[in-house]
Amino acid sequence: MPGLAPLIALVGADGSGKSTLLGDVVAHVRQYRAAEAGYLGLGSGPLGERIKAWPVIGPPLERFLSAKAKQARTPGARIPGVLTALVLYRYSLKRKKRFDHMLALRQRGVAVVTDRYPQIEVPGYYDGPGLSAARAEGVLIRWLAARERQLYEDMAAYLPTLVVRLNIDIETAIARKPDHERGLLELKIAATPKLTFNGATIVEIDATQPLEKVLADTNQAIDKVLGA
């Protein structure tokens with residue numbers, strides 16, 4: 001949008017190298033102007049690992065919570081209760097808070113490079129609205145789902161200056177993230193080429209290449225946008 005500093009969004013399935021590239025890409029953008037890194041994921045993964053580390057109760061509690069979250073992101077299923085809906089909605093509020101911080105930086109003229117970017121095309125996962133995939137039953141859950149959907153529509157209305165789409169295959173993803181659920185990784189990999197981010201400029205990067213080549217290709221794409 002007019003008046004905002006550039007935003008470069010690194011997107012791709014888990015294992016595509018978003019976090020690994022982030023610092024080096026920010027350093028490259030700083031050749032042009034002030035720049036900062038941003039994270040626009042939910043942050044649920046690190047929380048799950050902390051819960052799993054609790055003595056005795058941790059592992060079964062983490063499995064229970066993961067099952068509830070999986071049901072909520074499954075089309076045709078039912079959001080499993082108000083508590084699950086509240087937890088997912090709270091995660092989305094935290095994402096919106098990080099998004100607003102990033103927006104404030106851009107308004108001050110600071111470019112931002114983000115790990116992930118919110119979207120509304122694929123609900124339930126992949127940085128889409130968590131309460132829009134499964135059925136929302138009950139007045140409160142439907143209200144939360146509608147409120148959350150509006151949050152994501154507001155965020156998605158801000159088009160990134162450039163989306164760097166990091167493409168990988170399932171075997172590469174599993175090799176890099178052996179602790180991740182294969183089925184969910186397959187869903188994310190299948191959804192990756194379908195995301196348009198409201199018509200933002202997208203560059204395709206083969207993220208199965210060595211890191212040095214992926215970084216070089218990414219920076220070359222950024223040079224074409226920021227240099228212009």
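Because the model is predicted, local features need pLDDT of at least 70 and side-chain atom pairs count only at pLDDT 80 or more, while totals for chains, interfaces and linings use all residues. Residues are numbered from 1 along each chain as its sequence is written, and side-chain values use heavy atoms, with hydrogens and water left out.

Helices (H or I, at least four residues) and strands (E, at least two) are DSSP runs numbered from the N terminus. Five strands make up an open sheet with parallel pairing, in the order S2-S3-S1-S4-S5; two strands pair if DSSP finds at least two bridges between them. S2 and strand S5 (202–206) are the edge strands, each pairing on one side only. On average, neighbouring strands of this sheet are turned by 20 degrees against each other, direction ignored. S1 and S4 pair in the parallel sense over four bridges, and Ile8 has Leu162 in S4 as its bridge partner.

Helix H1 (residues 18–29) lies across S1, S2, S3 and S4 and runs at about 170 degrees to S3. Axes here are lines fitted to C-alpha atoms, for helices over the stretch in contact, and angles run from 0 to 180 degrees between N-to-C directions.

H8 lies across S1, S4 and S5, at about 160 degrees to S4. Its 17 residues, at 1.5 Å a residue, should span 24 Å, and the end C-alpha atoms are 23 Å apart, which agrees; the expected span is 1.5 Å times one less than the number of residues. Among the buried residues of H8 are Val214, Leu215, Asp217 and Asn219. S1, H1, S4 and S5 are included in what covers the buried residues of H8.

A nonpolar core is a set of buried Ala, Val, Leu, Ile, Met, Phe, Trp, Tyr and Cys residues joined through side-chain atoms within 4.5 Å. The largest has 33 residues, of which Tyr117, Leu131 and Phe197 touch the most other members. Apart from it lies another core, of 28 residues, including Val26 and Leu166.

Definitions and conventions. Contact means heavy atoms within 4.5 Å. Buried means under 20% relative accessible area, exposed over 50%, partly exposed in between (1.4 Å probe, protein chains only).
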